[in-house]
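Colleague: I'd like to learn how to read the strands and helices in a model like this one. Could you take me through it?

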Amino acid sequence: MGYRSVVILGVNKKHQKNLEKVMEDIKSLGQQNPFDIFEEVEHTPFSPMKIYRGEYLKWYDEFAEVKAINGFIEDLVDQDKEPIHFQDDDDDGFMVCIGEDGALHGEIGNYYDYVGVYTTYEIFNESKTK
């Protein structure tokens, strides 16, 4: 039970080794292996980013592995950098968290250049007769 999320991470390829070190450190603490919960997503080969997706995760700030990954991404991202609104080799990283209810509950960096998040609605048992 508990609130579940889809968590999408993007890390510039030049920081890939540092991310792998963070993931190994988490694994060595006896926490769930992050390599088991995040899968690399194939996307545009010329992009500066490697993108990872974890689904159905409990992404609570108090968890050690969440603190480590969030801290890593936060350290990468220059919050004062003006968004360019297209994929840029200077983008260092991002994270976006989408809850099971569709709510966007966490974001770091300029994810919107790489990930589209859409909200839809459904009226249950709506009568379609007109």
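Colleague: Which residue in β3 is the bridge partner of Val41?

Modeller: The general idea is that strands of a sheet pair through backbone hydrogen bonds, either parallel or antiparallel. Here Val41 has Ile51 as its bridge partner in β3. Helices (H or I, at least four residues) and strands (E, at least two) are DSSP runs, numbered from the N terminus. This is a predicted model, where local features need pLDDT of at least 70 and side-chain atom pairs count only at pLDDT 80 or more, while totals for chains, interfaces and linings use all residues. Residues are numbered from 1 along each chain as its sequence is written, and side-chain values use heavy atoms, with hydrogens and water left out.

Colleague: How many bridges join β2 to β3?

Modeller: There are 3 bridges between β2 and β3, and the two run antiparallel. Two strands count as paired if DSSP finds at least two bridges between them. Strand β1 (residues 5-12) is also antiparallel to β3 (residues 49-57), joined by 7 bridges. Along that pairing, Val7 has Gly54 as its bridge partner, and Ser5 stands opposite Leu57.

Colleague: In what order do the strands form the sheet?

Modeller: The open sheet has 5 strands in the order β2-β3-β1-β4-β5, with antiparallel pairing. Since β2 (39-41) and β5 (104-108) are at the edges with a single partner strand each, one side of each is left without a neighbour in the sheet. From one strand to the next, the twist averages 20°.

Colleague: Which strands does α1 touch?

Modeller: Helix α1 packs on the sheet and touches β1 and β3 (contact means heavy atoms within 4.5 Å). Its direction makes about 135° with that of β1. Axes are lines fitted to C-alpha atoms, for helices over the stretch in contact, and angles run from 0 to 180 degrees between N-to-C directions. Helix α3 lies across β1, β4 (93-99) and β5, at about 40° to β1.

Colleague: At what angle do α1 and α3 pack?

Modeller: Helix α1 (residues 16-28) and helix α3 (residues 64-76) pack at about 165°, with axes 10 Å apart. The two are therefore roughly antiparallel; angles under 35 degrees count as roughly parallel, over 145 as roughly antiparallel, 65 to 115 as roughly perpendicular and the rest as oblique.

Colleague: Which residues meet there?

Modeller: Asn18, Leu19, Val22, Met23 and Ile26 in α1 meet Glu65, Ala68, Ile69 and Phe72 in α3.
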